[in-house]
Every structure is written in C-alpha cells, then in structure tokens.
Amino acid sequence: MEKLTTVELFAGIGGFRLAAEENGIKTIWANDINKLAAKVYESNFDDGTFILGDINELIDTIPDHDILTAGFPCQPFSKAGKKQGIDDFRGTLFESIVSVLSKRTPRYFILENVNSLLYLARGQNFRTILNALASLQYKIEWNVFNAASFGLPQHRERLIIFGVRDARPNETFFLTVKNEQALEPAVIERIADYTSWKRIAEADKKFGSWGMAYNGTYITADIPEETYFPAKKLKDVLQKSVDKSFDFTADTEKRIENSQYVNKYYNGVQILYNQGGGARMGYSIFGTEGTAPTLTASTSRHYERYAINNTFRRLTNIEYAVYRLS
Ligand SMILES: C[S@@+](CC[C@H](N)C(=O)[O-])C[C@H]1O[C@@H](n2cnc3c(N)ncnc32)[C@H](O)[C@@H]1O
C-alpha cells in the first residue's frame, strides 16, 4: 500500500514530522521562516523536503498531499477584525492554511495551537477559525490534550483541531475522545441530532475543551482530561551529568532569602519556592517530584530554575527534547 503523504506548515523543529515518521506517513514538503529552526529541522531530516521562507510566498509551490499539519502562530485576528468584522482572517497566517486546504484539498488536516484560543476574546478568534474551516467541506473535531497525559513530564495543554474532508455529520468521528463516557449522555444525543447544533456565526462566548463542527454549525462541551500513558515525573528524565553552564545555584540561593518555601503542587508542577506569595513564574523554583511547567521555546535562565540534587539549575537541551513515551 502507498504511504500517506503529509505537508508540514510552520514546521519549527519538526514536531509533526516526528509523529508522521512514527506512524509511517511520508513528509513531502515542510516550511518555516526561522533560520535556526531550519538548522535543527534539516540536521534531523536531511532529505530536501524543508523549504526556508515566508509561507505567504510559497503557497503555490505546495504539492498535493493527504494530510496537512500546522502548529500555526497564535497571531491575533483583531487587526483584520477592526476593519472587516471578526470573521475576516485576511492578512493573518491562518489565511495560508485556508488557502492550502482550498487549493490542494487534502483528505485530512491536523492543526495545533494554545488552548486559550478557545476562551480568549470570548472565543471570537476561534470562531473565525472554525467558521473558515467548516465552510470548506471538512468535518471538524477539536480537543485539548496535555503532554502530561501522554507520559511526558511536562504540563503543556494544547488545542488540536482535526478535519476530514467530505465526512457526514452523523458519521462516528470520535477521533479525539478515548472513552465516549467522557461526554455526558445529553451531549451524545445532540451529536446524533445534527439539526440541534448551533450556528458558528452566532457563537458569542468561550468554547468548551471539546467540540465538533460541520457546514457552519457546531456542538461543544467541556470534557475531563483523559490519560493515554502512565504519568512521569521530571526526576525520571533528568541527565546524570550536567555541564556547569546550566548551574545557577549561588544566584538562586540569594533569591531564596526573599522567598517563601511553599512546596505545593499546581497543575501537577511542584513549586518549592515563590516570592511573597506572588504567582509570577519569574520568582518560582520548581522541584522534580511533579512535571515541568509548560516549557518555553527559548529556555530562560531567569524563569526556569529547578532544585536538582544539590544544585539549582535550568534544564538541559537534552532534557527539553525528551519526547518518547517509553
Ligand atoms: C508554534 S511554532 C510551531 C512549532 C512546530 N510545530 C514544532 O514542532 O517545532 C510556529 C512557527 O511558525 C513559524 N512562522 C511564523 N511566521 C511564519 C511565516 N510567515 N512563514 C513560515 N513560517 C512562519 C515560526 O518561525 C515558528 O517556528
């Protein structure tokens, strides 16, 4: 059987590519504008599929493919909104996704973004996105996943939006829900009665963590997080011997003088110290008995300090890169 093919927009260092490779899906074209990300991507996947540049100038060169993936930048829609009304996405990077879906009509898409997209600006940016996607003959399902539920020691909640072209509304499509019981019976009944779905254009409040959309209508609910792989702690993935450049012990000890020892857990993250009860991450020192907080793209020596054995240090590039589930 021929392998499914995929195109990876906003590829960064190739998160979707890793998943594709592990599932026997062939990446035939990938793009990002960032030179440093390109360097990492090409050092891992050196087969000429990566194109460096602005996606807006490359749309017409994208080949036909089965699955479009994109972890698109969470750029607000308000600029376009002021002039054109909130359902206008022209001039945003999301426009490139709509453009590829219209021109290349891949059978599936998988998009990733921050989960706050569902509730910030009363859900209006998400409404714009949903409206555009659901008018393109795709049936859509979204859900919020936490990296910690997949056996990674990191609290990282992300919104994943799936689409299948030409699927019927009443076709079973629980791609994202492991256990149907996670949904209340009333919601399951409403899924079956497609005519009870609400109009996307009339959505005026935040969206739930899960939902479906089809042909201008949607249904949504908040569902509890599901676990896919056993939980791991940060201490399970630490490197044994770490270069001195990651060490901030002396400096951190000074900060601790003005900090409170709290040793509490928040979202599964162990917080050992914070300053004056402030919730600011900048003053927190984390332990290793829980998960890491959401890691940032550029590991910061100011904000991410962990108490590890007898040192206070930041995490190493290798510790950041842990992704395997075993
Ligand atoms: C949230 S990150 C995606 C991370 C990716 N999923 C990964 O696994 O690394 C968004 C990416 O969009 C890229 N980007 C931003 N503007 C772009 C543009 N105009 N054309 C192409 N890529 C762009 C950024 O450089 C960044 O790497």
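Me: How many bridges pair β6 with strand β9?
Reply: This is a predicted model, in which local features need pLDDT of at least 70, side-chain atom pairs count only at pLDDT 80 or more, and totals for chains, interfaces and linings use all residues. Residues are numbered from 1 along each chain as its sequence is written, and side-chain values use heavy atoms, with hydrogens and water left out. Helices (H or I, at least four residues) and strands (E, at least two) are DSSP runs, numbered from the N terminus, and two strands pair if DSSP finds at least two bridges between them. Strand β9 covers residues 210-214 and runs antiparallel to β6, and the number of bridges between them is four.

Me: With how many bridges does strand β6 pair with β7?
Reply: Strand β6 spans residues 138-146.

Me: Which residue is the bridge partner of Tyr108 in β7?
Reply: Strand β5 (residues 108-114) is joined to β7 by seven bridges, and the two run antiparallel. In β7, the partner of Tyr108 is Val164.

Me: How many residues of strand β7 are buried?
Reply: Buried means under 20% relative accessible area, exposed means over 50%, and partly exposed lies in between (1.4 Å probe, protein chains only). Strand β7 has nine residues, 157-165, and is mostly covered. The number of buried residues is eight.

Me: Which strands stand at the edges of the sheet of ten strands?
Reply: This open sheet has the order β3-β2-β1-β4-β5-β7-β6-β9-β10-β8, with mixed pairing. Two of the strands have a single partner strand each, so one side of each is left without a neighbour in the sheet. These edge strands are β3 (50-52) and β8 (198-199).

Me: Which strands are the edges of the sheet of five strands?
Reply: The order here is β11-β12-β13-β14-β15, in an open sheet with mixed pairing. An edge strand in this sheet has a single partner strand, so one side of it is left without a neighbour. The edges are β11 (260-266) and β15.

Me: Which residue in the turn between β11 and β12 has a positive phi?
Reply: Strand β12 (residues 269-274) pairs with β11 in the antiparallel sense over five bridges, and Tyr261 stands opposite Tyr273 in β12. The two strands form a hairpin with two residues between them. The turn residue with a positive phi, about 55°, is Asn267.

Me: Which residue stands opposite Ile285 in β14?
Reply: Strand β13 (residues 285-286) pairs with β14 in the parallel sense, over two bridges. The residue opposite Ile285 is Arg305.

Me: Is Asn309 buried or exposed?
Reply: Asn309 is found in the loop between β14 (305-308) and β15 (311-313). Its phi is near 50°, a positive value in a residue other than glycine. With a relative accessibility of 76%, Asn309 counts as exposed.

Me: Over what arc do the buried residues of helix α7 lie?
Reply: In helix α7 (residues 249-257), Thr249, Thr252 and Ile256 are buried. They lie on the same side of α7, because the arc that they cover around the axis, taken from the directions from the helix axis to the C-beta atoms, is only 65°.

Me: How far does the backbone nitrogen of Phe312 lie from a polar atom of the side chain of Thr249?
Reply: Thr249 is found in helix α7 and is buried, with a relative accessible area of 15%. The distance from the backbone nitrogen of Phe312 to a polar atom of the Thr249 side chain is 3.1 Å.

Me: How far does a backbone N or O atom of Gly15 lie from an oxygen atom of the ligand?
Reply: Of the 16 residues around the ligand, those that come nearest are Ile13, Gly15, Asp32, Asp54 and Ile55. A backbone N or O atom of Ile13 lies 2.9 Å from a ligand oxygen atom. For Gly15, the corresponding distance is 2.8 Å.

Notes: A residue is near a molecule or strand if one of its heavy atoms lies within 4 Å of it. A polar contact is a pair of N or O atoms within 3.5 Å; within protein, one must be able to donate a hydrogen and the other to accept it, and residues adjacent in sequence count only if both atoms are side-chain atoms.
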